[in-house]
Amino acid sequence: MLAARLTGPKHLEIVETDTPDPDGHNVIIRVKTCGICGSDLHYWETGLDMTGKTGLIMGHEFCGTVVDPGSRSDLRPGDRVTALPLDPCGTCGPCRRGQANLCTKGMKRSIPGNNSPGAFAQYLKLRHDMVRILPDTISESEAAMIEPASVALHAVHQAGLGIGDRVFITGGGTIGLLCAAWARTGGASYIALSEINEGRREFARALSYVDAVFDAADPGVVSTMKKAIKGSFDIAIDTSGRDAGINTAISALKSQGRLVLAGINFHPQSIFTLMLVIKEIEMKASLGYIPEEFDLALESIADKTLHVGNLINKTIPLKDVQKSFENLASGDTCDVKIILEVT
Ligand SMILES: [Zn+2]
Ligand SMILES: [Zn+2]
């Protein structure tokens, strides 16, 4: 089969590699679509997978059709499916409490597209109980949005959103915009977003579930926002992962407001802790999602409660993947989500 393999820093190569063999247990799918994620961009920059090895086949936001159903008696060849790209052990403390996202053995186990072969390939082997059947009402591009929508849903759950809450989101990438979409379905009365890239600000402004978009680089952004809402925010969700964004969020929150850190940064950040203390800000982090959230994201996209199709800017063939990463890394693109079409 053909696959896009990460052979070095900033270098993806289309290679011929072994097609996974049926083993009577795992499910093998023919990949149809796969989204490019911000975390993929990080792997691409370093050329290394989650465990520091080269040769990764990325791709964890995918859908495809069943080739071999393994031990799943409810699946037939040709069925359209997606899967949670997770391998929770099921026996550790967090797993037994239903927090598969916090599995203590998670990082050491097989996570497709992170430390084991992912969906930038024609075929993919999946853990049978992670596979989900797709309803007919969900398109193949939308199906690639289920995984990021689950990440955003978990962040909004962590925020403990109440009806009528005013929400501020930093970062207008896929996760930031999906957090806004979930916050709207969850009853937020006002949703503001800050973003540094003008093209992305323009893009966010056009979305019905974002009430206002602000320039994250504007030094007066907090007072502008507070004037706009005649007060402070109840909830802030940071998807930037950077101190500038987090400090803006802290300043924009009301006393005892809630802050959720949903951005990833591999470097320490400088946070304005005095402001956290003075306002008694409640701070939580958000990692991944649990299976129930993945299932809710799937259902909500299928029944059109959550609209994700408008976040997809481009669909490109697998052979153009390297070009696409170069473009994303350049920083001048205002693309939000790019979907690979694997045929
Ligand atoms: Zn992702
Ligand atoms: Zn576990």
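Q: Taking helices (H or I, at least four residues) and strands (E, at least two) as DSSP runs numbered from the N terminus, which strands does helix α5 lie across?
A: Helix α5, residues 174-185, lies across β8 (166-170), β9 and β11 (233-238), and its direction is at about 175° to β9. Such angles run from 0 to 180 degrees between N-to-C directions, with axes fitted to C-alpha atoms, for helices over the stretch in contact.

Q: Before we go on, what sort of model is this?
A: It is a predicted model, in which local features need pLDDT of at least 70 and side-chain atom pairs count only at pLDDT 80 or more, whereas totals for chains, interfaces and linings use all residues. Residues are numbered from 1 along each chain as its sequence is written, while chains are lettered from A and ligands numbered from 1 in the order in which they are written.

Q: Okay, back to the strands: what order do they take in the open sheet?
A: The open sheet is formed by six strands in the order β10-β9-β8-β11-β12-β13, and their pairing is parallel; strands pair if DSSP finds at least two bridges between them.

Q: And which strands sit at the edges?
A: The edge strands are β10, covering 212-215, and β13, covering 282-285, each of which pairs on one side only.

Q: How many bridges join β9 to β10?
A: Strand β9, residues 190-195, is joined to β10 by four bridges, and the two run parallel; within that pairing, L193 has V213 in β10 as its bridge partner.

Q: What about β14, which strand is joined to it by bridges?
A: Strand β14 (residues 312-317) runs parallel to strand β15 (residues 337-341), and five bridges join the two. Looking along this pairing, I316 finds its bridge partner in L340 of β15.

Q: Switching to helices, how do α4 and α5 cross?
A: The axis of helix α4, residues 146-159, comes within 8 Å of the axis of α5, and the two cross at roughly 60°. The two helices are therefore oblique to each other, the class left over once angles under 35 degrees are called roughly parallel, over 145 roughly antiparallel and 65 to 115 roughly perpendicular.

Q: Which residues make that contact?
A: On the α4 side they are P148, A149, V151, A152, L153, A155 and V156, and on the α5 side T174, I175, L178, C179, W182 and A183, where contact puts C-beta atoms, placed from the backbone, within 7 Å.

Q: At what angle do α1 and α11 pack?
A: Helix α1 (residues 38-46) packs with α11 at an angle of about 100°, and their axes are 11 Å apart, so α1 and α11 are roughly perpendicular to each other. From α1, the residues in this contact are L41, W44 and E45, and they meet F325, L328 and A329 of α11.

Q: Last one, where do α7 and α8 meet?
A: Residues V221, V222, M225 and K226 in α7 meet T248, S251 and A252 in α8. Helix α7 spans residues 221-229 and helix α8 spans residues 243-252, and their axes come within 10 Å and cross at roughly 35°.

Definitions and conventions:
Two residues are in contact if their C-beta atoms, placed from the backbone, lie within 7 Å.
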